[in-house]
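Me: I would like a close look at a single part of this model, with the cut-offs given for each term.

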Amino acid sequence: MEHEFQPAQIKHKYFTPWVIVISLIAATGLVFVAMRYLFGLGAVTNLTQFFPWGIWIGLDVAAGVALAAGGFTTAALGHIWHRDKYEVLVRPALLTAMLGYTFVALGVVTDIGRWYYIWHPLIMWNGNSALFEVGMCVMIYLSVLYIEFLPILTERFIGRVNLPGILSAFNKVIDSLLRLLDRTLNKFMFVFIIAGVVLSCLHQSSLGTLMIIAGAKMHPLWQTPVLPLLFLLSAFSVGFPMVIMESISASKSFRLKPEKDVLTSLSRFVGPILGVYLAAKIGDMFIRETFVYLTELNLASIMFTIEIVVGVVIPLRMFLSSSVRQSTTGLYIASMLVILGVVLNRFNNFVIAYNPPYTETSYFPSIGEISVTLGFVALEILLYRAFVMIFPIISLPVKSALKKTKYAIKGV
Amino acid sequence: MGELNRRNFLKTLGVVGATVSGIPANKLLAQSKTELSEDRMGVLVDTTVCIGCRRCEWACKSAHDIEAGNLESYSDESVFDKMRRPGNDGYTAVNRYENIQNPNKPINVKVQCMHCDRPACVSACIVGAFSKKENGSVVWDGSKCIGCRYCMVACPFQVPTFEYDKAIQPNINKCDFCFGRTSEGLLPACVEICPVEALTYGRRRHLVEVAEKRMELYPDRYINKIYGFTEVGGTSWMYLASKNFEELDFPKLGDKPAPGVSESIQHGIFAYFVPPIALYALLGGIMWISKNKDSKVEGKE
């Protein structure tokens, strides 16, 4: 028997013991964020004149952008290739991407010295700068993500606008405005969906161009002119594992049945994509003959090996096995390994590989930096939980499958 | 013929795309091939002449409104025990290295921004706060800077420094080649104060000739290399020395400009905006086709 799925608000208690723990982590992070704004970067971070970028760029921004790749990969599969089966995953992935990019932006604002000038790149252009391109694309893509989220907003409130007291006089007006917005969006949404995918491809790869200019300051195991390609491929490969991981986590947390059939068939794509990524990475290593650096035993070679073996080779093997793909636990572990691998890759590129001259000391993140990074992740989880309870994001099986509800984008 | 037409079409498409998005195509295409002036200035630092008096450090601070203290205190040689770098409290620093041939005459090396001909900071800066001036100076514009510190990541000489202790309006600091002074016809402060003429200020192309002449006249005094002549595409500040530059803590760099690779990738991805627009068109096509296929299948059911 075929189940019909429909996005619905999750009804569940918000606070559980785990959620309280996560809230505490978020609160700690916010304390350090406040300290950074009050006393400056030096008061909170271990950054120096030699190590100007730490984990706020390497993890919050670089890894954050990569892990939000679930949004555009799922949108491409569901809306551009019209694989309707995966429709149930598009909204959760969109929410993650939206929250993810919001926190990438917050991470950037927290990291730059003159945060109140964040708007400068909009009018002060430097087309030669990879960072300029990343900044512009991220700003535009963040707006696109908000627009893509609007239909969920209208769906939630059309016919249900109920303002308290005097404001209730506006209920009708707001309702018709929402309906107008919904109709207009329906017609033009395809423009934003394609734009979202193009913008993602652009800045996911340009994020890889960033460190190229550091030249010899970057360890040869990572410094390569094909970095943009490697960043793009790794973003492709982490997209679906993120969606799988989140779907299983949300199901566990809300005691729902995981959408296993959909996840299993989605996971078929992961192995081949990871394979292409691994081939590019190994190929680059052999063309530049950088494998010689793996014979030295040091932090760089160890981190590179972990990144490749634990983060790519093992999950690749797992995703190619059909018994792993059939098992929820197997899928969860394999997805977590891919995620770990990509996070490690971004961390390695921006932190481990960066070896500035003139300093004997090396960089290790401060308690404050770690707290802020963890705090932002915790806030994201808390917001995700709140959003799926307020908005129809997660699809639940509908018992009476009489009415066929389609969420394909109209107007195409 | 058809190929040509297609190419033209794509080109037009690119220009149209750029115009639509409000971006002047030439602005984004402009690789940093900003014409370098033939008459750009430079400084030749002769480390065999420098006596390590550090008056340049004092003059630099005084010229840039940094607390400089009294000049006498600069004769304290204990500062040489540790290698120092240019920083927020002074845009130049002199380091001392031992001289094996003549232990009584140590080698002193003044360090500051090299004022690259193809500067990585100019290419990297997200808002274009750095610029290479006609007279060779690489100058930071504090009204644009957002404090992202990408210049510090990019600089092959690790020169720009950031004011981490400031919560509001932290600056990026580095030697500006006394752009304000030279615009008024004055010498850079360090060059002016140098008592032994270890620093020679002049047109870069003349300085190269001067350096070559010195190496030719005194082959025993110098190794046969001008550091900065070709490094990362050439720098405005150049050095002569009696021993290998790497032993004097100069980074070993190639002749290719630091921003070369990243800029060609950037401009490859954005060439006339064709790749992004083509990708957009491709995805649009796929969307259309798969949508149609979809409705056909549904129609059969």
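How are α3(A) and α14(A) oriented to each other?

Reply: This is a predicted model, in which local features need pLDDT of at least 70, side-chain atom pairs count only at pLDDT 80 or more, and totals for chains, interfaces and linings use all residues. Residues are numbered from 1 along each chain as its sequence is written, while chains are lettered from A and ligands numbered from 1 in the order in which they are written.

In chain A, helix α3 (residues 55-67) packs against helix α14 (residues 328-352) at an angle of about 140°, their axes being 9 Å apart; helices are DSSP runs of H or I with at least four residues, numbered from the N terminus, and axes are lines fitted to C-alpha atoms over the stretch in contact, with angles running from 0 to 180 degrees between N-to-C directions. The two helices α3(A) and α14(A) are therefore oblique to each other, since angles under 35 degrees count as roughly parallel, over 145 as roughly antiparallel, 65 to 115 as roughly perpendicular and the rest as oblique. The crossing of α3(A) and α14(A) is right-handed, meaning that the near helix is turned clockwise from the far one by less than a right angle.

On the α3(A) side the contact includes A:Ile55, A:Gly58 and A:Leu59, and on the α14(A) side it includes A:Val342, A:Arg346 and A:Phe350, where two residues are in contact if their C-beta atoms, placed from the backbone, lie within 7 Å. By class, the contact of α3(A) with α14(A) has 13 nonpolar, one polar and one charged residues, with Ala, Val, Leu, Ile, Met, Phe, Trp, Tyr, Cys and Pro counted as nonpolar, Asp, Glu, Lys and Arg as charged, and the others, Gly among them, as polar.
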